[in-house]
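Let's take a walk through this fold, one piece at a time. Keep the sequence and the 3D view open as you read.

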Amino acid sequence: SMQGLDYSPKSRFDIEKHIGNEVVERGHFDFLEGKFFAAEVTDLFGTKTESEKRGNLIQNMKIAEGEKDGTALGDALYGAIASLNKFVNKDGKKRILLFTDGQNNKGHLDPETAVDNARKVGIVIHTIAIGNKDLVLFPVKKGDKTVLEMTEVGRASENVRGLADKTGGKHFIVENENDLGQIVAELLPVL
(Lines give C-alpha, C1' and ligand atoms only; values in the text may rest on other atoms or scores of the structure.)
Protein backbone atom coordinates (compact mmCIF):
# COMPACT_ATOMS: atom_id res chain seq x y z
CA SER A 1 0.00 0.00 0.00
CA MET A 2 3.01 2.31 0.40
CA GLN A 3 3.11 2.60 -3.38
CA GLY A 4 -0.31 4.25 -3.39
CA LEU A 5 -0.26 7.66 -5.05
CA ASP A 6 -2.49 9.53 -2.59
CA TYR A 7 -0.16 12.54 -2.95
CA SER A 8 0.30 12.26 -6.72
CA PRO A 9 2.86 12.29 -8.13
CA LYS A 10 4.36 11.25 -4.79
CA SER A 11 3.64 7.94 -3.12
CA ARG A 12 2.89 7.26 0.52
CA PHE A 13 6.45 5.95 0.81
CA ASP A 14 7.86 9.23 -0.58
CA ILE A 15 5.90 11.16 2.06
CA GLU A 16 7.10 8.85 4.84
CA LYS A 17 10.72 9.33 3.81
CA HIS A 18 10.26 13.11 3.58
CA ILE A 19 8.87 13.37 7.12
CA GLY A 20 11.51 10.98 8.45
CA ASN A 21 14.28 13.10 6.97
CA GLU A 22 12.80 16.32 8.36
CA VAL A 23 12.58 14.87 11.86
CA VAL A 24 16.12 13.45 11.73
CA GLU A 25 17.63 16.64 10.30
CA ARG A 26 15.79 19.17 12.48
CA GLY A 27 15.44 17.28 15.76
CA HIS A 28 17.89 17.13 18.64
CA PHE A 29 17.96 13.74 20.29
CA ASP A 30 20.00 12.05 23.01
CA PHE A 31 18.98 8.71 21.57
CA LEU A 32 17.66 8.10 18.07
CA GLU A 33 17.30 4.74 16.44
CA GLY A 34 15.52 4.03 13.19
CA LYS A 35 13.63 0.85 12.40
CA PHE A 36 12.10 0.03 9.04
CA PHE A 37 9.19 -2.35 9.01
CA ALA A 38 6.98 -4.09 6.53
CA ALA A 39 6.28 -7.79 7.17
CA GLU A 40 9.58 -7.87 9.07
CA VAL A 41 11.40 -5.30 11.21
CA THR A 42 14.91 -4.19 10.25
CA ASP A 43 17.25 -1.85 12.11
CA LEU A 44 17.79 1.10 9.78
CA PHE A 45 20.28 3.03 11.91
CA GLY A 46 21.52 3.06 15.47
CA THR A 47 22.11 5.79 17.98
CA LYS A 48 25.78 6.11 17.03
CA THR A 49 25.05 6.64 13.33
CA GLU A 50 26.14 10.11 12.22
CA SER A 51 23.21 12.39 11.51
CA GLU A 52 24.07 13.00 7.85
CA LYS A 53 24.19 9.25 7.24
CA ARG A 54 20.74 8.82 8.77
CA GLY A 55 19.14 10.91 6.02
CA ASN A 56 20.88 8.87 3.33
CA LEU A 57 19.73 5.63 4.92
CA ILE A 58 16.16 6.92 5.00
CA GLN A 59 16.29 8.06 1.36
CA ASN A 60 17.69 4.68 0.26
CA MET A 61 14.89 2.63 1.85
CA LYS A 62 13.04 0.45 -0.63
CA ILE A 63 9.46 -0.77 -0.53
CA ALA A 64 9.20 -4.42 0.49
CA GLU A 65 7.71 -6.71 -2.12
CA GLY A 66 6.23 -10.19 -2.26
CA GLU A 67 6.26 -12.12 1.01
CA LYS A 68 8.13 -9.28 2.72
CA ASP A 69 5.27 -6.84 2.03
CA GLY A 70 2.82 -6.11 4.83
CA THR A 71 2.53 -4.18 8.08
CA ALA A 72 3.99 -5.71 11.25
CA LEU A 73 2.99 -2.92 13.65
CA GLY A 74 3.22 -5.09 16.76
CA ASP A 75 6.70 -6.40 15.91
CA ALA A 76 7.93 -2.87 15.14
CA LEU A 77 6.59 -1.50 18.43
CA TYR A 78 8.10 -4.34 20.46
CA GLY A 79 11.48 -3.74 18.79
CA ALA A 80 11.33 -0.03 19.56
CA ILE A 81 10.27 -0.66 23.17
CA ALA A 82 13.14 -3.11 23.66
CA SER A 83 15.61 -0.52 22.34
CA LEU A 84 14.23 2.24 24.54
CA ASN A 85 14.38 0.08 27.64
CA LYS A 86 18.17 0.00 27.23
CA PHE A 87 18.52 3.77 27.18
CA VAL A 88 17.40 6.81 29.17
CA ASN A 89 17.27 10.28 27.63
CA LYS A 90 18.65 13.18 29.64
CA ASP A 91 15.08 14.42 30.08
CA GLY A 92 13.98 10.99 31.29
CA LYS A 93 11.37 10.68 28.56
CA LYS A 94 11.06 7.76 26.17
CA ARG A 95 9.24 8.31 22.90
CA ILE A 96 8.41 6.33 19.78
CA LEU A 97 7.45 7.93 16.49
CA LEU A 98 5.49 5.48 14.34
CA PHE A 99 4.82 6.14 10.66
CA THR A 100 2.31 3.80 9.05
CA ASP A 101 -0.26 3.63 6.30
CA GLY A 102 -2.16 0.62 7.47
CA GLN A 103 -3.29 -1.90 9.99
CA ASN A 104 -1.34 -4.74 11.53
CA ASN A 105 -1.53 -7.60 9.02
CA LYS A 106 1.84 -9.34 9.43
CA GLY A 107 4.25 -10.29 12.15
CA HIS A 108 3.81 -12.28 15.32
CA LEU A 109 3.13 -9.70 18.02
CA ASP A 110 -0.05 -7.83 18.84
CA PRO A 111 0.22 -4.01 18.69
CA GLU A 112 -2.34 -3.53 21.49
CA THR A 113 -0.25 -5.59 23.90
CA ALA A 114 2.85 -3.66 22.82
CA VAL A 115 1.07 -0.38 23.55
CA ASP A 116 0.00 -1.63 26.98
CA ASN A 117 3.62 -2.57 27.70
CA ALA A 118 4.84 0.83 26.48
CA ARG A 119 2.38 2.63 28.73
CA LYS A 120 3.42 0.56 31.77
CA VAL A 121 7.07 1.62 31.37
CA GLY A 122 6.30 5.25 30.55
CA ILE A 123 6.91 5.21 26.79
CA VAL A 124 4.85 7.67 24.75
CA ILE A 125 3.96 6.68 21.18
CA HIS A 126 3.32 9.40 18.59
CA THR A 127 1.75 8.23 15.32
CA ILE A 128 1.68 9.61 11.80
CA ALA A 129 -0.98 8.13 9.55
CA ILE A 130 0.07 8.28 5.93
CA GLY A 131 -2.51 7.74 3.22
CA ASN A 132 -5.60 9.87 2.90
CA LYS A 133 -7.74 7.75 0.62
CA ASP A 134 -9.01 4.19 0.44
CA LEU A 135 -9.07 4.13 -3.36
CA VAL A 136 -5.87 5.39 -5.01
CA LEU A 137 -3.80 5.13 -8.13
CA PHE A 138 -1.51 2.16 -7.59
CA PRO A 139 1.17 0.59 -9.81
CA VAL A 140 0.03 -2.88 -10.91
CA LYS A 141 2.12 -5.36 -12.93
CA LYS A 142 0.40 -6.52 -16.11
CA GLY A 143 2.70 -8.98 -17.82
CA ASP A 144 5.98 -7.19 -18.43
CA LYS A 145 4.47 -3.72 -17.91
CA THR A 146 3.45 -1.72 -14.89
CA VAL A 147 0.27 0.33 -15.21
CA LEU A 148 -1.53 2.66 -12.83
CA GLU A 149 -4.98 1.50 -11.75
CA MET A 150 -7.45 2.75 -9.17
CA THR A 151 -7.03 0.21 -6.39
CA GLU A 152 -8.53 -0.25 -2.92
CA VAL A 153 -5.52 -0.09 -0.59
CA GLY A 154 -7.04 1.23 2.62
CA ARG A 155 -5.56 3.81 4.92
CA ALA A 156 -4.29 4.13 8.42
CA SER A 157 -7.38 3.81 10.54
CA GLU A 158 -8.53 4.91 13.95
CA ASN A 159 -6.57 2.05 15.53
CA VAL A 160 -3.41 4.04 14.78
CA ARG A 161 -4.87 7.02 16.64
CA GLY A 162 -5.61 4.65 19.52
CA LEU A 163 -1.94 3.67 19.76
CA ALA A 164 -1.05 7.29 20.44
CA ASP A 165 -4.06 8.04 22.63
CA LYS A 166 -3.40 5.12 24.99
CA THR A 167 0.12 6.36 25.77
CA GLY A 168 -0.57 10.12 25.83
CA GLY A 169 1.01 10.65 22.42
CA LYS A 170 0.00 12.86 19.53
CA HIS A 171 -1.58 11.56 16.34
CA PHE A 172 -1.13 13.20 12.96
CA ILE A 173 -2.81 12.47 9.64
CA VAL A 174 -1.09 13.53 6.43
CA GLU A 175 -4.05 14.71 4.34
CA ASN A 176 -1.91 16.41 1.70
CA GLU A 177 1.69 17.30 1.05
CA ASN A 178 1.13 20.84 2.34
CA ASP A 179 0.53 19.37 5.84
CA LEU A 180 4.12 18.16 6.16
CA GLY A 181 5.71 21.37 7.45
CA GLN A 182 3.00 21.88 10.07
CA ILE A 183 3.19 18.25 11.22
CA VAL A 184 6.96 18.40 11.66
CA ALA A 185 6.69 21.77 13.47
CA GLU A 186 4.13 20.32 15.93
CA LEU A 187 6.00 17.07 16.32
CA LEU A 188 9.54 18.23 17.08
CA PRO A 189 8.76 19.87 20.45
CA VAL A 190 7.23 16.65 21.80
CA LEU A 191 10.03 14.35 20.68
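Start in helix α1, which covers residues 12-26: Glu22 and Arg26 both sit there, four residues apart, or about one turn of the helix. Bear in mind that this is a predicted model. How exposed are the two partners? Glu22 has a relative accessibility of 22%, so it counts as partly exposed. Arg26 is partly exposed too, because its relative accessible area is 41%.

The side chains of Glu112 and Lys166 meet at 2.3 Å, N to O. This pair ties together distant parts of the chain, 54 residues apart: Glu112 belongs to helix α4, while Lys166 is in the loop between α5 (158-165) and β7. Glu112 comes out at 28% relative accessible area and is therefore partly exposed. Lys166, at 37% relative accessibility, is partly exposed as well. Side chains of opposite charge can pair when their charged atoms come close.

Across the model, the count of salt bridges comes to nine.

On to the sheet. Three strands make up an open sheet, ordered β3-β4-β7, with parallel pairing. β3 and β7 (171-174) are the edge strands, each pairing on one side only. From one strand to the next, the twist averages 15 degrees. If you look at where β4 meets β7, you'll find four bridges joining these parallel strands, and Ile128 stands opposite Phe172 in β7. Helix α3 packs on this sheet and touches β3 and β4, its direction making about 155 degrees with that of β3.

That brings us to the nonpolar residues. In soluble globular proteins, nonpolar side chains tend to be buried together. Here the largest nonpolar core has 16 residues, and those with the most contacts inside it are Leu77, Ile81, Ile96, Leu98, Ile123 and Ile125. Which elements supply at least two residues each? They are α3 (73-84), β3 (94-100), α4 (111-120) and β4 (123-130). Of these, α3 gives the most, with six residues.

Leaving aside residues up to four places away in sequence, Ile96 touches Leu77, Ala80, Ile81 and Leu84, along with Ile123, Val124, Ile125 and His126.

Last stop: the hairpin. Strand β5 (residues 135-142) and strand β6 (residues 145-152) pair in the antiparallel sense over eight bridges. Within this pairing, Lys141 stands opposite Thr146 in β6. Two residues lie between β5 and β6 in the hairpin, and Gly143 in the turn has a positive phi of about 70 degrees.

Conventions
Residues numbered from 1 in each chain as written. Predicted model: local features only at pLDDT ≥ 70, side-chain atom pairs only at ≥ 80, totals over all residues. Heavy atoms only, no water. Core = buried A, V, L, I, M, F, W, Y, C linked by side-chain atoms within 4.5 Å. Buried < 20%, exposed > 50% of the residue type's maximum accessible area, 1.4 Å probe, protein only. Contact = heavy atoms within 4.5 Å. Pairing = 2+ DSSP bridges. Axes fitted to C-alpha atoms, helices over the stretch in contact; angles between N-to-C directions. Salt bridge = Lys/Arg side-chain N within 4 Å of Asp/Glu carboxyl O.
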